[in-house]
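Have the sequence and the model open as you read.

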Amino acid sequence: MSPRRPWLWFGLTASLAVLALAAVLKPPAPIAAADQRDTTEGGSLRAPVVPWTYDPADERFLVHEWGTFTSFAGSDGVKLEFRPLVENDLPPFVFNRSLQAGVIPLEWMLGKRSYALTMQRMETPVTYFYTTRERDVQVKVRFPEGLLTEFYPPVQGFSPPLSDGEKQPRFSQSVSVEQPLRSIGELPEQKDSELDWGTLTLIPAHKLRPDLVNSRAAAGVLSRLFDKLLPRSANHFDYYFARETDSAYIHRFLPPPPPEFAPSKPHGDFFEKFLFYRGIGNFQLPLTLEALGEDRFVLTNHGDVTVEGLFLTEFDKAYNPRFIAHPRIAAKERIELRLPSEALELADLVNPLREQLIAQGLFEKEADAMIATWRSSWFGEEGTRLFYLLPQSETDRILPLHVQPTPDETVRVMVGRLEVITPERERRLEQLLKEKAAAQKQQVEVEVAPESETALEEELANFERFAEPALVRVRDLTTDPAVKAEAERQIDSLETRSKD
């Protein structure tokens, strides 16, 4: 979950709140038929996914999950390491490795993940559990080629152990502005990571309904109960969209720690509607995208499996979308794509993307929650990006999930997000760096309107969290020493501002 533009999701907040209240007031739904799945052609669903409804005779135990993998590439398709540098997108109650261990205060580790350079950022996997009766389950997730960095509820254990850089003393002095980011709180190697939640108790929502004759009073009690049961903060509303499903509540209890750890080490009762976790890793996903210029692209599938649900998109500064949808790309296949010249309505992109998420096995409320969570980042940032649905076999390979007892059904839908910088945008950034360097050499002030940014600052702001890899890309491409030097200055400036 990344920084949001409020105007894109503000309207969704109110509408989802109404839906949530309606769900509270609504009596249990009638019995629904079991999902019918056809796993031919790589595991795609060939029948409608029946929404989850309460049925006391239904003994099934279902696990559903959605999440994203994000990467950034130059126009030649080569993936580049990146780091957001600013990471304030999670509520303060979410844990990281150091907070879990109780060795460091919250203010020290905020943004620590953002300092790590990596090829892939695994963002917002949320895992839902569906059951009509109370269950105790054991859950752990592994990341063989990455490092799991944040999570909620707190876990029973994690690996690898804390690095020396993560073991900063509690109540430590603040970081000096002069200290390089790369030396602050170094994370361990991005491999062989695991989160083990131990035993979790699943509580179906209907089990929490008060036994009252007055239905309005019962709904009021339930509403207050839900409001107090789940943690909240004053902002970070995008995190809460993931709760708008029919999944069971999760209870995690951690006993009090030894006195030498209290009160820093987490303990007590924790509740949520899902398991949340995310991480970073240096591994390759099957697709590469080359930008040839003039809206032409070459997409290559280097993997051994078919990839479905492809959406090549471009958003201008006003966030008007141009896009082309492609049903699938076979293993080892190479295809050419061209963006249309005219912008389309955002709904023309959102609706088929939603349909693809549901076709892969997500319930409608889960697909809606995923799109609401990512709406501002996916559709409210300037740039060119490819969305695609990673086959579940690849998700299971990259991110093995272990649940005991074994679920009757496990659906995992990961959306790959591949950002690519076009040749036109590379040249524009190089030109702006050249002009900035020339102006500084001549000691000429760049004239800008009051309260406005320079053209270079505005362009870097439009790159959002991909500003640093864009600068690295141009620095490595240019043959102009002045441009190289200016790109380095801008990278240093981004790092300095991220610590303010």
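## Charges over rings

K273 lies over the face of Y249, 5.0 Å from the ring centre. Over the ring of F82 you'll find the charged end of R121, at 5.6 Å from the centre. For a charge to sit over a ring, NZ of Lys or CZ of Arg has to be within 6 Å of the ring centre and within 35 degrees of the ring normal.

A quick note on the model: it is predicted, so local features need pLDDT of at least 70 and side-chain atom pairs count only at pLDDT 80 or more, while totals for chains, interfaces and linings use all residues. Residues are numbered from 1 along each chain as its sequence is written, and side-chain values use heavy atoms, with hydrogens and water left out.

## Rings that pair up

Rings of Phe, Tyr and Trp (its six-membered ring) pair if their centres lie within 6.5 Å; planes under 30 degrees apart are stacked, over 60 edge-to-face, and the rest tilted. That rule gives 23 aromatic pairs. One of them is F69 with F283, edge-to-face at 5.6 Å centre to centre and 85 degrees between the planes. F69 is in strand β1 (residues 62-73) and F283 in the loop between β11 (275-281) and β12 (287-293), 214 residues apart. Strands here are DSSP runs of E, at least two residues long, numbered from the N terminus. Both F69 and F283 are buried, meaning under 20% relative accessible area with a 1.4 Å probe, protein chains only.

Y130 and F363 have ring centres 5.1 Å apart and planes at 90 degrees, so this pair is edge-to-face. Y130 and F363 are both buried too.

## A cluster

F93, F95, Y128, Y152, Y239, Y240, F270, F274 and F276 make up one aromatic cluster.

Technical notes
Helix = DSSP H or I, 4+ residues; strand = E, 2+ residues; numbered from the N terminus. Buried < 20%, exposed > 50% of the residue type's maximum accessible area, 1.4 Å probe, protein only.
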